[in-house]
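This briefing is meant to be read beside the sequence and the model. Please keep both in view while working through the points below.

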Amino acid sequence: MSFLSLDSKFMVLLSRTVDYIQLNLYCLVCCIPIVTAGAAFTARYYVSMKIVRGEEPVITKAYFKAFRDNFKQATAVWLMVAALILLYFIDWRWTRVTGQNVPMQILFMVLCLLAVCMAFCAFPMLARFRMTVFGLIKSSFIFSVIHLPRVLLALVLEAVPLMLGYLYLKWFVLVWLVMAAAVLHLNSQMFVEQFKKLEDKKMP
């Protein structure tokens, strides 16, 4: 079988990479107004998790449908968690600038990190499950704490494309496009696996 045939492993991998690149570009553009970032991330994970599950979505149609369908709830969650992260970050900076004791600095740093983890998990959860805004925030916090090592690893992976792009500045765009696609696949795979376990537990 030729590696250039449509069903070869190489062509399947290339097709999937292009799909993830397309998703990341859509997400990047839709995040530009900032307030729409929650809906952009929710739509990205909605489609990427479909790809991981082998559902073969039409990328553009599925992305913007998910963006519209989840816009109101995703925006509400995004504004709440962004405000929480900003609050804890300001508190952490204030304790450092004013020379507060180290335990207070550590406390606010940990709270800020937990808020980031919660935000990171909230949008994939919204893409998969239907629940209220406060139910989603509660569930994403519990999920991020239970799976903290995996969530932290996923966050580190999200930073890798930017770090490599900075190191190879001349090739920044190419490095970011390819590496961010790989990271989206890995993180989406993690969420699909963990959500499947949650779904199995709910089954009678």
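At 57% relative accessibility, Ile 34 counts as exposed, a class that requires over 50% relative accessible area, whereas buried means under 20% and partly exposed covers what lies in between (1.4 Å probe, protein chains only). The model is a predicted one, in which local features need pLDDT of at least 70 and side-chain atom pairs count only at pLDDT 80 or more, while totals for chains, interfaces and linings use all residues. Residues are numbered from 1 along each chain as its sequence is written, and side-chain values use heavy atoms, with hydrogens and water left out.

**Loop residues with positive phi**

- Ile 34 sits in the loop between H1 and H2, where helices (H or I, at least four residues) are DSSP runs numbered from the N terminus, and Ile 34 has a positive phi of about 70° although it is not a glycine.
- Glu 56, found in the loop between H2 and H3, also is not a glycine and has a positive phi, of about 50°.
- With a relative accessible area of 52%, Glu 56 is exposed.

**The largest nonpolar core**

- The largest nonpolar core has 49 residues, of which Leu 23, Tyr 63, Val 77 and Phe 191 touch the most other members; such a core is a set of buried Ala, Val, Leu, Ile, Met, Phe, Trp, Tyr and Cys residues joined through side-chain atoms within 4.5 Å.
- At least two residues of this core are supplied by each of helix H1 (9–30), helix H2 (37–52), helix H3 (59–69), helix H4 (71–97), helix H5 (102–128), helix H6 (133–146), H7 and H8.
- H5 gives the largest share of this core, 10 residues.
- As background, nonpolar side chains tend to be buried together in soluble globular proteins.

**Helix H7**

**A nonpolar surface patch**

- Leu 162, Tyr 166, Leu 167, Tyr 168, Leu 169, Trp 171, Phe 172, Val 173, Leu 174 and Val 178 make a nonpolar surface patch of about 1100 Å².
- Two or more residues of the nonpolar patch are given by helix H7 (148–167) and by helix H8 (172–202), and the largest share, four residues, comes from H8.
- Patches are made of residues with over 30% relative accessible area and no salt bridge, with like charges joined within 9 Å and nonpolar side chains (Val, Leu, Ile, Met, Phe, Trp, Tyr) within 5 Å, and the accessible areas come from the Shrake-Rupley method with a 1.4 Å probe, only the protein chains shown counting as cover for residues.
- Phe 172, a patch member placed in helix H8, is partly exposed, with a relative accessible area of 30%.

**Salt bridges**

- The count comes to eight salt bridges under the rule that a side-chain nitrogen of Lys or Arg lies within 4 Å of a carboxyl oxygen of Asp or Glu.
- Arg 128 and Glu 199 meet through their side chains in a salt bridge (2.7 Å, N to O); Arg 128 lies in helix H5 and Glu 199 in helix H8, so the pair ties together parts that are 71 residues apart in sequence.
- Both partners count as partly exposed, Arg 128 at 31% relative accessibility and Glu 199 at 22%.
- Arg 150 forms a salt bridge with Glu 193, the closest N and O atoms being 4.0 Å apart; because Arg 150 lies in helix H7 and Glu 193 in helix H8, the pair ties together parts that are 43 residues apart in sequence.
- Arg 150 is partly exposed at 40% relative accessibility, and Glu 193 is partly exposed at 42%.
- Glu 55 forms a salt bridge with Arg 53, with 2.7 Å between the closest N and O atoms; Glu 55 is partly exposed, with a relative accessible area of 37%, and Arg 53 is partly exposed, with 29%.
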